[in-house]
Amino acid sequence: MLVSVIIPTYNRKKLLDISINSVLNQTYQNFEIIIVDDNSNDGTDKYIKEINHHKIHYIKNKQTMHAPKSRNIGISYSKGDLISFLDDDDEWYPDKLEKQVKLFSDINIGLVYSGIDLFFEDYNLSYPTSPKLRGSIYKDMLIKNYIGATSSVIIRRDVLNHVCTKKHECFDPAFPARQDYDLWIRITEKWKVNFIYEPTVKQYYRNSINRISRNLDNHIKAHKLLNQKYNRNIDSILSYSNKKERLINQYLFLAAQSIKINERKLATKYYLEAFKIKRDIKSLAMYFVSFFGVKLMIKLRSWF
């Protein structure tokens, strides 16, 4: 199966080299790379032309449209049987495609994800995420984003044809953040998922780089939109305890984002909010550790 690899980018020429080469060096070689340049002004276009690789297709937006719309543009230009995504400051491990593509031999699988190595460059600390759920996980996804970030995910094209609008809006541009989570919810409502347990992606967190994910207000707005968009199913499918768990996970997510952007006080606030709802050891431990700085919080998160 042909895999389309969509890389949205904006003024990341120096980092883009690592991302592109991590795809070109895959053990599975039946792929195309679609780079959607969000109107960069750092010479990205010249750099891509210098690479001059037959598997790379370059699109430059005439104006800045941000990553979700750029991913949608990439999907509309793609030709693959499978669609995958890679952020321009992350990298894949060499056997990612080979391992994940095999799982699509099951025609009931619409999406495959994997573990991710989270690397905090400023502290030289890393830890892996651990996938837990496969099969029909729609109810679970209403409670928490168990699939995770876009860079680990591969989706069957037929699935996107069903869940995306006629305008190829797979990632909903109405969301200021968490567009990936919204898409995963829509996919898991009708399709089964599978995963590769070990990490296939290295995801970098660098305090010097601007991201949409650095803006916590965007995440708070996104949570409100998710609550509104899936309100009917949340009320009909989730129990009272499920709804409490869902709210706790939203607070824990905001706390985790606060850690990633080096906002210790905000992390403390959200861990406390989570603990108020449910007196569990994780929230309590993270709350107390948050007073001692981000580095220790990262170490404790890796332990959990």
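Asn124 sits in the loop that runs between β6 (109–120) and β7 (125–128), and in this predicted model Asn124 has a positive phi of about 55° although it is not a glycine. Most residues other than glycine have a negative phi. Because its relative accessibility is 60%, and the cut-off for exposed is over 50%, Asn124 counts as exposed.

**Backbone with positive phi**

- Asn11, too, is a residue other than glycine with a positive phi, here near 50°, and its place is in the loop between β1 (3–9) and α1 (13–24).
- With a relative accessibility of 28%, Asn11 counts as partly exposed, since that class lies between the limits of 20% and 50%.

**Nonpolar cores**

- The largest nonpolar core holds 49 residues, and of these Val5, Ile20, Ile33 and Tyr271 touch the most other members.
- Apart from that core lies another, made up of 39 residues, which include Ile73, Leu142, Ala222 and Leu238.
- Leaving aside residues up to four places away in sequence, Tyr271 is in contact with Leu252, Ala255, Ala256, Ile259, Ser283, Met286, Tyr287, Met297 and Arg301.
- In soluble globular proteins, nonpolar side chains tend to be buried together.

**Nonpolar surface patch**

- On the surface, a nonpolar patch is formed by Phe288, Phe291, Phe292 and Leu296, which together have about 460 Å² of accessible area.
- Phe291, one of the residues of this patch, is placed in the loop between α12 (281–289) and α13 (294–303).
- The relative accessibility of Phe291 is 45%, so that Phe291 counts as partly exposed.

**Disulfide**

- The count of disulfides in the model comes to one, and this link is formed by Cys164 and Cys170, whose sulfur atoms are 2.0 Å apart.
- The link of Cys164 and Cys170 is right-handed, with 115° about the S-S bond, and both of these cysteines, Cys164 and Cys170, are buried.

**A buried serine in a loop**

- Ser151 has its place in the loop between α5 (138–143) and β8 (154–156), yet Ser151 counts as buried because its relative accessibility is 1%, where the cut-off for buried is under 20%.
- When residues up to four places away in sequence are not counted, Ser151 touches Phe85, Leu86, Asp87, Asp90, Trp92, Lys96 and Val201.

Note on methods: Residues numbered from 1 in each chain as written. Predicted model: local features only at pLDDT ≥ 70, side-chain atom pairs only at ≥ 80, totals over all residues. Heavy atoms only, no water. Helix = DSSP H or I, 4+ residues; strand = E, 2+ residues; numbered from the N terminus. Buried < 20%, exposed > 50% of the residue type's maximum accessible area, 1.4 Å probe, protein only. Contact = heavy atoms within 4.5 Å. Core = buried A, V, L, I, M, F, W, Y, C linked by side-chain atoms within 4.5 Å. Patch = residues over 30% accessible without salt bridge, like charges linked within 9 Å, V, L, I, M, F, W, Y side chains within 5 Å. Areas by Shrake-Rupley, 256 points an atom, 1.4 Å probe, with all protein chains shown as cover. Salt bridge = Lys/Arg side-chain N within 4 Å of Asp/Glu carboxyl O. Disulfide = S-S within 2.5 Å.
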